[in-house]
Amino acid sequence: MHNTYYNLAMSEEDLKEEVIRAIKTVYDPEIPVDVYELGLIYDLKVFPINNVFVSMTLTSPSCPSAGTLPGEVEQKIREVEGVNDVSVELTFDPPYSTEMMSEEAKLELGFM
């Protein structure tokens, strides 16, 4: 049972941090780095009443996990206490490049 008071008391910034933590549990099946560190999350907004919007991409449009990654990201966000609704939009504009990776991901994958 969700504690409504707790949900309202959580700031948008706190909720955003929880959402990022949840997204970091989703990994690209072919790369041992989570989708957040890979730079696949282009945009993340928390709107009033804790509706979360995520714009994300994939490492390539023909990525075999194209069908599953956005759904997995959405599911993980929905599991965050306080989240009301989630919308995940898939985009390939701009196209993904390794430049979008975090320093941590670049180190992990040997790009540095």
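Arg 21 is partly exposed, because its relative accessibility is 48%, and buried residues fall under 20% while exposed ones are over 50%. The model in which this value was computed is a predicted one. Arg 21 takes part in a salt bridge with Glu 18, and the closest N and O atoms of the pair are 2.5 Å apart. Glu 18 is also partly exposed, at a relative accessible area of 30%.

Both Glu 18 and Arg 21 belong to helix α2, where three residues, or about one turn of the helix, separate them. Helix α2 itself covers residues 12–23 and lies across β1 and β2, running at about 140° to β1.

## The three-stranded sheet

The strands β1, β2 and β3 form an open sheet in the order β1-β2-β3, and the pairing is mixed. Its edge strands are β1 (41–47) and β3 (85–90), each of which pairs on one side only. On average, neighbouring strands of the sheet are turned by 10° against each other, direction ignored. Strands of a sheet pair through backbone hydrogen bonds, either parallel or antiparallel.

Strand β2 (residues 51–56) and strand β3 run parallel and are joined by six bridges. Phe 53 has Ser 87 as its bridge partner in β3. Helix α4, residues 69–78, lies across β2 and β3, and its direction makes an angle of about 160° with β3.

## Ser 55 in strand β2

Ser 55 is part of strand β2. With a relative accessible area of 8%, Ser 55 is buried, because the cut-off for buried residues is under 20%.

Once neighbours within four places in sequence are set aside, the contacts of Ser 55 are Leu 40, Ile 41, Tyr 42, Asp 43, Glu 89 and Thr 91.

The salt bridges of the model come to five in total. Arg 78 takes part in one with Glu 74, at 2.9 Å from N to O. Glu 74 and Arg 78 are four residues apart in helix α4, so about one helical turn separates them. Glu 74 is partly exposed at 25% relative accessibility, and Arg 78 is partly exposed as well, with a relative accessible area of 36%.

Arg 78 also forms a salt bridge with Asp 85, and here the closest N and O atoms are 3.3 Å apart. The relative accessible area of Asp 85 is 37%, which makes this residue partly exposed. Through shared partners, the salt bridges join Glu 74, Arg 78 and Asp 85 into one network.

## A nonpolar surface patch

Leu 107, Phe 111 and Met 112 make up a nonpolar patch on the surface, and their accessible area together is about 360 Å². Leu 107 sits in helix α5, which covers residues 103–108.

Leu 107 has a relative accessible area of 56% and is therefore exposed, since the cut-off for exposed residues is over 50%.

Key. Residues numbered from 1 in each chain as written. Predicted model: local features only at pLDDT ≥ 70, side-chain atom pairs only at ≥ 80, totals over all residues. Heavy atoms only, no water. Pairing = 2+ DSSP bridges. Helix = DSSP H or I, 4+ residues; strand = E, 2+ residues; numbered from the N terminus. Axes fitted to C-alpha atoms, helices over the stretch in contact; angles between N-to-C directions. Contact = heavy atoms within 4.5 Å. Patch = residues over 30% accessible without salt bridge, like charges linked within 9 Å, V, L, I, M, F, W, Y side chains within 5 Å. Areas by Shrake-Rupley, 256 points an atom, 1.4 Å probe, with all protein chains shown as cover. Salt bridge = Lys/Arg side-chain N within 4 Å of Asp/Glu carboxyl O. Buried < 20%, exposed > 50% of the residue type's maximum accessible area, 1.4 Å probe, protein only.
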